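Subject: Handover of the two-chain model

Dear colleague,

I am passing on the structure we spoke of, and below it you will find my notes on what turned up when I went through it. Please read them with the coordinates open beside you.

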Amino acid sequence: MLDKTQIAKRIAREVKDGMYINLGIGIPTLVANYIPKNINVVLQSENGLLGIGPFPLEAEVDADLINAGKQTITMMPGSSLFSSAESFGMIRSGKVDLTILGAMEVSEEGDIANWKVPGKMVKGMGGAMDLVASAKNIIVAMQHCSKEGASKLLTCCTLPITGLRCVKRIVSDLAVLDIIPGRGFQLLERAPGVTVEQIKNATEGKLFIQGEIPEMVL
Amino acid sequence: MVNKVVKNADEAVKDIPHRATLMLGGFGLCGIPENCISAILKSGMTGLTCISNNAGVDDFGIGLMLKTRQVKKMISSYVGENAEFERQLLSGELEVELIPQGTLAERIRAGGAGIPAFFTPAGVGTEVAKGKETREFNGKIYLMEHWLRADFSLVKAWKGDTAGNLIYRGTARNFNPMMAEAGTITIAEVEELVPIGTLDPNSIHTPGIYVHRIFQGVNYEKRIEQRTISNLKI
């Protein structure tokens with residue numbers, strides 16, 4: 001099984017040179033740490049920046065420079081700043097090549113639920129609904145099962161939906177899977193030491209397995 | 001030329017009535033109108049509807065206006081960074097309308113641009129879509145969303161001139177430019193107020209036509225929510 005860092009490392013391998021990428025809060029943010037040096041990408045922050053840089057040194061901290069998680073950041077050379085309307089304009093019009101976000105549940109149709117748990121304090125969807133409704137390519141970082149062992153890869157989401165038929169790929173602690181409309185979750189890779197049988201048992205939705213399933217390379 | 005310059009925040013907000021609808025710029029605590037918020041706390045107007053991406057924290061930003069029970073309703077995309085907010089929400093003292101962040105930004109932009117409604121894919125198939133008109137364009141379903149406008153917009157900029165032209169700094173721009181455009185009365189507080197002709201017209205983010213009152217703020221705290229430091233020299 002992969003830990004959070006390993007999930008981030010595996011997702012970093014999906015990143016291609018020249019991409020504009022939006023990283024969600026949590027594991028997706030960690031992905032930035034594992035993008036190879038020879039691959040240049042531009043990270044978008046939906047509060048109005050293209051070109052997120054590393055966290056600042058103590059002396060560089062600037063209250064006017066934060067990411068969508070409200071953390072202090074720096075800007076890469078070649079950055080640009082803009083309003084929230086402009087930011088979501090570029091998201092809505094499909095200019096952002098890759099969106100990486102977390103999920104509580106994903107359905108075999110690619111529906112995603114990640115903003116609200118009934119009975120718990122509702123904090124809001126932030127930019128998640130806008131991102132999933134318009135992104136060309138969405139990779140989800142998630143745990144395959146809940147702490148109680150219940151599958152989070154489902155036939156239908158049980159939690160309130162964030163967006164319909166939008167997830168393309170999932171990297172979980174157990175596997176890499178694609179969503180093939182009409183076919184369900186297609187198993188592509190197993191986490192080191194995890195068997196196909198374990199993945200079958202952990203996946204409630206339709207699982208499509210073709211041929212030998214390789215172990216993932218991290 | 002009409003004089004837009006007011007002495008301070010107290011003078012700028014003094015005619016905001018009870019039950020007014022306000023827009024307040026900022027993302028988290030970044031780029032919030034600190035001086036205007038302090039003045040509203042002092043002035044005591046109540047029953048306010050506040051349109052702002054977030055609702056501050058317990059002891060800063062809009063969180064302070066919640067504590068004094070001046071806010072009746074919040075229209076935001078992400079809230080609940082503070083305990084008082086949660087308490088008032090659960091007890092029913094506070095109404096909250098949650099809107100996807102891009103839809104919120106565009107509804108405000110539309111308000112300032114004179115566009116009463118538009119279609120967006122955000123929220124299709126979710127509880128956000130309840131009761132809203134949908135329409136198909138090029139095979140994709142979109143939701144109709146309406147403009148948002150405010151009686152008073154309170155924005156914060158880095159620099160401004162006496163004509164009301166504004167320049168923002170860093171990610172403190174966020175919702176401020178659209179809100180400046182969507183207010184019946186727009187009040188701008190700036191870190192530095194300069195004479196007309198000082199700012200380069202090529203660099204203006206908000207043209208002065210949108211700004212009705214402007215003043216140089218004082219004692220900016222610019223509080224940081226998540227101070228994250230890198231140990232590595234890159």
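**Salt bridges and where they sit**

Over all chains, the count by the rule used here comes to 27 salt bridges. Please keep in mind throughout that this is a predicted model.

I would start with Arg169(B), whose side chain meets that of Asp62(A) in a salt bridge with 2.7 Å from N to O. This pair crosses between chains, since Arg169(B) belongs to the loop between strand S9 (166-167) and helix H6 (176-182) of chain B, while Asp62(A) belongs to the loop between strand S3 (49-52) and strand S4 (75-81) of chain A. Arg169(B) counts as partly exposed because its relative accessibility is 28%, whereas Asp62(A), at 16%, counts as buried. Arg169(B) also forms a salt bridge with Asp64(A), where the closest N and O atoms are 2.8 Å apart. Both pairs belong to a network of salt bridges that links Asp62(A), Asp64(A), Lys156(B), Arg169(B), Glu191(B) and Lys222(B).

**The interface between the chains**

How many residues of each chain take part in the contact between chain A and chain B? There are 47 residues of chain A in contact with 52 residues of chain B. The area buried between the two chains is about 4,000 Å², and carbon and sulfur atoms give 60% of this area. Six salt bridges are counted between chain A and chain B, and across this interface the rule finds 23 residue pairs in polar contact. On the side of chain A that touches chain B, helix H3 (84-92) and helix H4 (128-134) of chain A each supply at least two residues. The residues of that side divide into 23 nonpolar, 14 polar and ten charged.

**Two residues of chain B to look at**

Ser77(B) lies in the loop between strand S3 (71-76) and helix H4 (83-91) of chain B, and it is buried, with a relative accessible area of 0%. Its side chain makes a polar contact of 2.6 Å with the side chain of Asn53(B). Setting aside neighbours within four places in sequence, Ser77(B) is in contact with residues of both chains, among them Lys123(A), Gly124(A), Met125(A) and Gly126(A) on one side and Ser52(B), Asn53(B) and Leu98(B) on the other.

Glu84(B), in helix H4 of chain B, counts as buried at 15% relative accessibility. A polar contact of 3.1 Å joins its side chain to that of Arg87(B). Not counting residues up to four places away in sequence, Glu84(B) touches Asp58(B), Leu66(B), Lys67(B) and Arg69(B).

**Cysteines**

The structure holds zero disulfides over all chains. Cys156(A) counts as exposed, at 55% relative accessibility. Cys166(A) is likewise in no disulfide, the nearest cysteine sulfur, that of Cys157(A), being 9.1 Å away. At 5% relative accessibility, Cys166(A) counts as buried.

Terms used
Residues are numbered from 1 along each chain as its sequence is written. Chains are lettered from A and ligands numbered from 1 in the order in which they are written. This is a predicted model: local features need pLDDT of at least 70, side-chain atom pairs count only at pLDDT 80 or more; totals for chains, interfaces and linings use all residues. Side-chain values use heavy atoms; hydrogens and water are left out. Contact means heavy atoms within 4.5 Å. Buried area is the accessible area (1.4 Å probe) that two parts lose on being put together, summed over both. A salt bridge is a side-chain nitrogen of Lys or Arg within 4 Å of a carboxyl oxygen of Asp or Glu. A polar contact is a pair of N or O atoms within 3.5 Å; within protein, one must be able to donate a hydrogen and the other to accept it, and residues adjacent in sequence count only if both atoms are side-chain atoms. Helices (H or I, at least four residues) and strands (E, at least two) are DSSP runs, numbered from the N terminus. Ala, Val, Leu, Ile, Met, Phe, Trp, Tyr, Cys and Pro count as nonpolar, Asp, Glu, Lys and Arg as charged, and the others, Gly among them, as polar. A disulfide is a pair of cysteine sulfur atoms within 2.5 Å. Buried means under 20% relative accessible area, exposed over 50%, partly exposed in between (1.4 Å probe, protein chains only).
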